[in-house]
Amino acid sequence: MGRRKADALRDRISAKFPIESKLVKSAGRVLEILEYFDDLQRQSTVMEIADALGYPQSSTSALLRSLVTMGYLNYDAYSRTYITSSRVALLGSWVNAPFFAEGTIISMMKELNEQTHDTVVLGMRNGQHVQYIHVIQATSPARLHMTLGTARPLAGSGSGYAVLATMTDAEITRIVMRVNAEAADGEPLIKVREVLEKVAVIRQKGYAFTCDMVTRGGGMIAAALPRVVGQPQMIIGIGGISEVMRQREDFLAQALRNQIERHFGPQMRQVASQMELVTDPLPLAIMRARMRAA
């Protein structure tokens, strides 16, 4: 692979969550700053942060100073750089303690990263999308950089399909119909039957595998994690270069299954048994009736 191609494949892959019009701007920017540091994992200057996030330098500086005052950022006056404080690491540590505080998911992600050398993502359902809430970047020379906070559509991505596979066909149909109803003019509509057929294969295999679906040249293998009561569905995914992942599908899928089984064995067997029961004929019957009526 040529150097230019390798450089291109190392480009950052990101997609901001499509709710900017509903955000309180300052609140959204504070959270994006914290996510920026989690992705960068080093000190950064005001100019770097403003350029990376597309904010005015003056408002970026004001936000950073406020976060320093509140103890969420540390400021080095000598180098004029900022970095997150230990207080940030403690936020939310009480939520899903078996998954996070005790290190189960993070340990599993690190082991997968070391085993495959590919990017490993933890995604959580957020409305009609899956959002990456933790990312461990690939260590291979040619790789895709997947950015923390990136959002992927439920009905149009590998990580989204992994979530859909845990739902009933009726729920999937409602989601697809809503996506189609909200589609912009000229945007192609998603076919319910095609989505249900793909999901049926995923339930049988135990994982979703897609290439070039969202990002040209990018692939994703993803599987659902046990559902935590009161929390959205989460998935673990391995992302990389399509042509490489096609050749390594069996290896990557086995690595993913083995890690999930080792860390969540009994819970995952229950998830698998539930996934076998989620199909039902009602959605297709409804769709056929509506098509005949139209």
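**Figure 1. Helices H2 and H3 pack against each other in this predicted model.** Helix H2, which covers residues 25–40, and helix H3, which covers residues 46–53, pack at an angle of about 105 degrees, and their axes lie 11 Å apart. Because angles of 65 to 115 degrees count as roughly perpendicular, H2 is described as roughly perpendicular to H3. On the H2 side the contact is made by Glu-32, Ile-33, Tyr-36 and Phe-37, while H3 contributes Glu-48, Ile-49, Ala-52 and Leu-53. Sorted by class, the residues of this contact between H2 and H3 are six nonpolar and two charged, with no polar ones.

**Figure 2. Gln-41 sits in the loop between H2 and H3.** The backbone angle phi of Gln-41 is positive, at about 60 degrees, although Gln-41 is not a glycine. For comparison, most residues other than glycine have a negative phi. Is Gln-41 buried or exposed? With a relative accessibility of 60%, Gln-41 counts as exposed, since exposed means over 50%.

**Figure 3. Helix H2 also packs with helix H4.** Here H2 meets H4, which is formed by residues 57–69, at an angle of about 70 degrees, with the two axes 11 Å apart. The two helices H2 and H4 are therefore roughly perpendicular to each other. Ser-26, Arg-29, Val-30 and Ile-33 of H2 make this contact together with Ser-59, Leu-63, Leu-64 and Leu-67 of H4. By class, the contact of H2 with H4 holds five nonpolar residues, two polar residues and one charged residue. Ile-33 of H2 can be found in this contact with H4 and also in the contact with H3.

Figure 4. Helix H8 (residues 169–181) and helix H9 (residues 192–205) pack at about 140 degrees, and their axes are 10 Å apart. The crossing in which H8 passes H9 is right-handed. In H8 the residues that take part are Asp-169, Ile-172, Thr-173 and Val-176, and in H9 they meet Val-192, Val-195, Leu-196, Val-199 and Arg-203. The contact of H8 with H9 comprises, by class, six nonpolar residues, one polar residue and two charged residues.

**Figure 5. The largest nonpolar core is a set of 26 residues.** Which residues touch the most other members of this core? They are Leu-164, Ile-172 and Val-195. At least two core residues come from each of strand S5 (129–136), helix H7 (158–164), H8, H9 and strand S9 (218–224). H9 gives the most to this core, supplying five residues. When residues up to four places away in sequence are not counted, Val-195 touches Tyr-161, Leu-164, Ile-172, Val-176 and Ile-190.

**Figure 6. Glu-249 and Gln-259 are two residues of helix H11.** Helix H11 spans residues 249–275 and includes Glu-249. Glu-249 has a relative accessible area of 17% and is buried, because buried means under 20%. Apart from its neighbours within four places in sequence, Glu-249 is in contact with Lys-205, Tyr-207, Phe-209 and Ile-221. Gln-259 is buried as well, with a relative accessible area of 8%. Leaving aside neighbours within four places in sequence, the contacts of Gln-259 are with Met-108, Glu-111, Leu-112 and Gln-115. Although Gln-259 and Met-109 are 150 residues apart in sequence, their C-alpha atoms are 8.7 Å apart in space.

**Figure 7. Asp-212 lies in the loop between strands S8 and S9.** Strand S8 covers residues 208–211, and Asp-212 is found in the loop that leads from S8 to S9. Phi of Asp-212 is near 60 degrees, which is a positive value in a residue other than glycine. Asp-212 is partly exposed, with a relative accessible area of 36%.

Conventions: Residues numbered from 1 in each chain as written. Predicted model: local features only at pLDDT ≥ 70, side-chain atom pairs only at ≥ 80, totals over all residues. Heavy atoms only, no water. Axes fitted to C-alpha atoms, helices over the stretch in contact; angles between N-to-C directions. Helix = DSSP H or I, 4+ residues; strand = E, 2+ residues; numbered from the N terminus. Left-handed = near helix turned anticlockwise from the far one by under 90°. Contact = heavy atoms within 4.5 Å. Nonpolar A, V, L, I, M, F, W, Y, C, P; charged D, E, K, R; others polar. Core = buried A, V, L, I, M, F, W, Y, C linked by side-chain atoms within 4.5 Å. Buried < 20%, exposed > 50% of the residue type's maximum accessible area, 1.4 Å probe, protein only. Parallel < 35°, antiparallel > 145°, perpendicular 65-115°, else oblique.
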